[in-house]
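Subject: Handing over the structure

Dear colleague,

I am passing this structure on to you, and the sequence and coordinates follow directly below. After them I have written out what was found, part by part, for someone who has not seen it before.

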Amino acid sequence: MSATERIHKLLDETVRRERGWLIASLVSKLGPSKVELAEDVAQDAILKALSVWPYKGIPDNPRAWLRRVASNAAIDRIRRSAREFGVDDDWDFVTTDDDVVTPSLSDPELDLMVLCCDPNLAPQDQLFLALKTVCGFTAADTAALFFMTEDALSQRLSRAKRQLKSQASRIARFPTRFALAERMPQMMKIIYLMFAQGYLPRRGDALIGDDVCQEALRLSEGLIAATHVTGVGLHALRALLLFQSSRAPARTNAVGELITLDQQDRASWDQAAIARAFKHLAAARADEQVTRYHLEAGIASLHAQAVTWEATDWTSMSRLYELLSEQAPSLAVDVNGAVSLMMLGDTDSARARLDAAGARRGANAFPGYHLARAKLAEQIGDRAAHQSALEAARTCLTSSAVSAHIDRELSLLE
Amino acid sequence: MAKFVLMLPHAPDRYQNLGEADFMDLMKDYIGWVEDMTAKGKFEGGEKLLDEGGKIVTNRSGSIEVHDGPFAEVAEILGGYMVINAADYDEAVEIARSHPHMKHNETIIIRQTDASAD
């Protein structure tokens, strides 16, 4: 990374994290019906505080500095227009310790996360809200993440916030501990979706995806660290995210092309992350119920343990996929389950599973489905079907990283 | 090594109604430059001036008058200044050429500080 890139990354990260923190702190003080106001005030305060950096350079501890200066600017602005905002004019809020920037999730951030995970909102809107407020992503970044226009995203966000406001006006304070426990599964789902969206191989700016994954990891860590919170599946979810992110260094080559699991250099997997993942997986055994996160973390752990793709424990793998398809059936589960059956040499069951996958909505647009069909055709020596499946995969709208991968496979056939 | 002051004026409405993404891009260019110059030992410091406010104090035949200003009608206002190290005006001009202010605005005024009594 060049010096310029480092500075850009530092700035983006600092601004994003402090924006999230500031929005959460303001909401916790102003009340859950004032998310939009909190966002505006936080944004103004941060930009105002930042505007001196071009003349002075970055301070020694940028996050602590930004937190202090932006908090003061936000307090000023709220005080000046206290009446207009409907708050007391002796308004103040405490910045705990200016110089300590908490590594994980502060209480206001946790509260805001609970607020965003309102069951009255569509899950995707909950996710948009969490990204935009708790995680501090801009509308432009969030829109890019979902391949949406900024206008379309903004419209959905304002609709979601209006709904939140009408809900929030009926509760005086934040969701209670009871509500927190009640919304736990939803919070886990949002974190899961956040990570999945960030993990997608994507066109253009890969950095946004990395940042989003980091945020999902931070939130899962924060939920576990919050001592008054327990959730079935929480440790399993964190294990899953850690296993997945441990492979990030091996997932793309030097020019950003996707490398599939069977081709990855396993030596470059992040062993520290894997070790932490196994600890959480062990902790997940205490749960009284097996969630999809348990099963998915189990699947990921089998990959993490395998010395090579071929040496993977495919028997356990196909069993886990079978259980997963009962709990959380999806196209991707069918496709991956079929691959594990192929690895066991059970081409008939694999074909049946792929046929089931093919009947699902969206199968034809999912390159993974065609790639699995290609693999099966290759295995049974059907060269024509192999090629046509690869070509079908190629026509799917997909990331340039995936297309490059498919092109390489196609060129091997010619 | 001499010290030079770079004065950075901009149009009064230059940063109003600027989208956040544009603002951040601008910031990154400026901050990147300052960090780069700091690493090279060329950057001494700088200050941003407050956009709002400003006073002009004038002596009119012995009586001091105070006016608000500068006003929005002026073509450019001083946004801030920086102090850099350079061997001579040639180097100072070279440094100013690389300044992102030349990309995002129009003018940099360079003045050497008088160090003859130091």
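In this predicted model, chain B contains an open sheet of 4 strands in the order 2-5-1-6, with antiparallel pairing. Strand 2 (43-48) and strand 6 (109-112) of chain B stand at the edges of the sheet, and because each has a single partner strand, one side of each is left without a neighbour there. From one strand to the next, the twist averages 20°. Looking at one of the pairs in detail, strand 2 of chain B runs antiparallel to strand 5 (residues 77-86) of chain B, and the two are joined over 5 bridges; within strand 5 of chain B, G80(B) is the residue that stands opposite K48(B). Helix 2 (residues 89-97) of chain B packs on this sheet, where it touches strand 1, strand 5 and strand 6 of chain B, and its direction makes about 125° with that of strand 5 of chain B.

Taken as a whole, chain B has 3 helices and 6 strands, which follow one another along the sequence in the pattern β-α-β-β-β-β-α-α-β. Its C-alpha trace spans about 50 × 45 × 20 Å along the principal axes, and of the 118 residues in chain B, 17% are buried. Among the contacts in chain B with a separation of 6 or more, 74% are between residues 24 or more positions apart. As for confidence, the average pLDDT of chain B is 90, and 97% of the residues score at least 70.

Two loop residues of chain B deserve a separate word on their backbone angles. Most residues other than glycine have a negative phi. N17(B), however, has a positive phi of about 55° although it is not a glycine, and this residue lies in the loop between strand 1 (2-10) and helix 1 (20-39) of chain B. N17(B) counts as exposed, because it has 7 C-beta neighbours inside 10 Å, and the cut-off for an exposed residue is 12 or fewer. S61(B), which is likewise a residue other than glycine, has a positive phi near 45° and is placed in the loop between strand 3 (55-60) and strand 4 (63-68) of chain B. With 4 C-beta neighbours inside 10 Å, S61(B) also counts as exposed.

Turning to how the two chains meet, 17 residues of chain A are in contact with 18 residues of chain B. On the side of chain A that touches chain B, the elements that give two or more residues are helix 1 (3-30), helix 2 (35-50) and helix 3 (53-56) of chain A, and helix 1 of chain A gives the most, with 5 residues. The residues on this side of chain A divide into 11 nonpolar, 5 polar and 1 charged. For the complex, the predictor gives an ipTM of 0.88 and a pTM of 0.81.

Within chain A, the largest nonpolar core has 100 residues, of which M113(A), A130(A) and I191(A) touch the most other members. If its neighbours within four places in sequence are left aside, I191(A) is in contact with A216(A), L219(A), S220(A) and L237(A). Apart from this core lies another, of 17 residues, among them V339(A), L341(A), L371(A) and A389(A). M113(A) is one of the buried residues of helix 6 of chain A, which also include P108(A), E109(A) and D111(A); since 9 of the 10 residues of this helix (residues 107-116) are buried, helix 6 of chain A is largely enclosed by the rest of the structure.

Two further residues of chain A can be set side by side. H370(A), in helix 19 (residues 367-379) of chain A, is buried, with 24 other C-beta atoms within 10 Å. S316(A), found in helix 16 (residues 314-327) of chain A, counts as partly exposed, with 15 C-beta neighbours inside 10 Å. From C-alpha to C-alpha, S316(A) and A365(A) are 29 Å apart in space, and they are 49 residues apart in sequence.

With best regards

Note on methods. Residues are numbered from 1 along each chain as its sequence is written. Chains are lettered from A and ligands numbered from 1 in the order in which they are written. This is a predicted model: local features need pLDDT of at least 70, side-chain atom pairs count only at pLDDT 80 or more; totals for chains, interfaces and linings use all residues. Two residues are in contact if their C-beta atoms, placed from the backbone, lie within 7 Å. Ala, Val, Leu, Ile, Met, Phe, Trp, Tyr, Cys and Pro count as nonpolar, Asp, Glu, Lys and Arg as charged, and the others, Gly among them, as polar. A residue is buried if 20 or more other C-beta atoms lie within 10 Å of its own, exposed if 12 or fewer, and partly exposed in between; C-beta atoms are placed from the backbone. A nonpolar core is a set of buried Ala, Val, Leu, Ile, Met, Phe, Trp, Tyr and Cys residues joined through C-beta atoms within 7 Å. Two strands pair if DSSP finds at least two bridges between them. Axes are lines fitted to C-alpha atoms, for helices over the stretch in contact, and angles run from 0 to 180 degrees between N-to-C directions. pLDDT is the predictor's confidence in each residue, from 0 to 100.
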